[in-house]
Amino acid sequence: MKTIKKEISGGVVHKLPPDLKKALISSPDALAEWEDITPLARNEWICWVVSVKREETRKQHVERVPQELLTSKRRPCCWAGCPHR
């Protein structure tokens with residue numbers, strides 16, 4: 001049996017990191033929300049995850065992205081934004 005891998009959209013500047021991809025795949029509804037937001041919004045979420053200094057903070061952000069998407073948040077709250085755009 002052949003496994004079909006669906007490509008998950010990344011951001012404008014940032015590629016989707018494996019840990020965030022895994023979190024999104026584990027929640028089909030969050031993944032649908034992810035695909036519904038703009039590439040720039042996806043970029044903001046990815047940068048919000050990868051720009052932190054502590055591994056524990058990154059894990060918390062990865063866990064929060066699907067949860068936040070399920071509450072219809074389109075971008076990370078209270079964050080200055082991606083400096084890479």
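1. Pro-83 lies in the segment after α4. Its C-alpha is 9.4 Å from that of Glu-44. In sequence, Pro-83 and Glu-44 are 39 residues apart. The model discussed here, and in every point below, is predicted.

2. **Secondary structure.** The protein has 4 helices and 0 strands. Read from the N terminus, the order is α-α-α-α. Helix α1 covers 18-25. Helix α2 covers 28-36 and α3 covers 39-50. Helix α4 takes in residues 55-70.

3. **Overall dimensions.** The radius of gyration is 12 Å, which agrees with the value near 12 Å for a compact globule of 85 residues. The C-alpha atoms fill a box of roughly 45 × 25 × 25 Å along the principal axes. Both descriptions belong in the record: the radius fits the globule rule, and the box gives the extents along each principal axis.

4. Of the 85 residues, 38% count as buried. Residues 24 or more positions apart account for 73% of them.

5. **Surface and charge.** The protein exposes about 5,800 Å². Carbon and sulfur atoms supply 53% of that area. There are 16 positive and 11 negative charges. Their mean positions are 5 Å apart.

6. **The nonpolar core.** The largest nonpolar core has 16 residues. Those with the most contacts inside it are Leu-16, Leu-20, Leu-24, Trp-34, Trp-45, Val-65 and Leu-69. Each of α1, α2, α3 and α4 supplies at least two residues of this core. Helix α3 gives the most, with 5 residues. In soluble globular proteins, nonpolar side chains tend to be buried together.

7. **Leu-24 within that core.** Leu-24 is among the core residues with the most contacts inside it. Which residues does Leu-24 touch, not counting those up to four places away in sequence? They are Leu-16, Ala-30, Leu-31, Trp-34, Val-65, Pro-66 and Leu-69.

8. **Val-62, on α4.** Val-62 sits in helix α4. Is Val-62 buried or exposed? Its relative accessibility is 8%, so Val-62 counts as buried. Leaving out residues up to four places away in sequence, Val-62 touches Asp-19, Leu-20, Ala-23 and Val-49. The C-alpha atoms of Val-62 and Ile-46 are separated by 9.0 Å. Along the chain, Val-62 and Ile-46 are 16 residues apart.

9. **Asp-19, across from Val-62.** Asp-19 belongs to helix α1. At 29% relative accessibility, Asp-19 counts as partly exposed. Apart from neighbours within four places in sequence, Asp-19 is in contact with Arg-58 and Val-62.

10. **His-14, ahead of the helices.** His-14 is placed in the segment before α1. With a relative accessible area of 14%, His-14 is buried, because the cut-off for buried is under 20%. Setting aside neighbours within four places in sequence, His-14 is in contact with Asn-43, Ile-46, Cys-47, Cys-82 and His-84.

11. Ser-72 is found in the segment after α4. At 52% relative accessibility, Ser-72 counts as exposed.

Technical notes. Residues are numbered from 1 along each chain as its sequence is written. This is a predicted model: local features need pLDDT of at least 70, side-chain atom pairs count only at pLDDT 80 or more; totals for chains, interfaces and linings use all residues. Side-chain values use heavy atoms; hydrogens and water are left out. The radius of gyration is taken over C-alpha atoms; the globule rule is 2.2 Å times the number of residues to the power 0.38. Buried means under 20% relative accessible area, exposed over 50%, partly exposed in between (1.4 Å probe, protein chains only). Contact means heavy atoms within 4.5 Å. Accessible areas come from the Shrake-Rupley method with a 1.4 Å probe; for residues, only the protein chains shown count as cover. Lys and Arg count as positive and Asp and Glu as negative; His and the chain ends are not counted. The place of a charge is taken as NZ of Lys, CZ of Arg, CG of Asp or CD of Glu. A nonpolar core is a set of buried Ala, Val, Leu, Ile, Met, Phe, Trp, Tyr and Cys residues joined through side-chain atoms within 4.5 Å.
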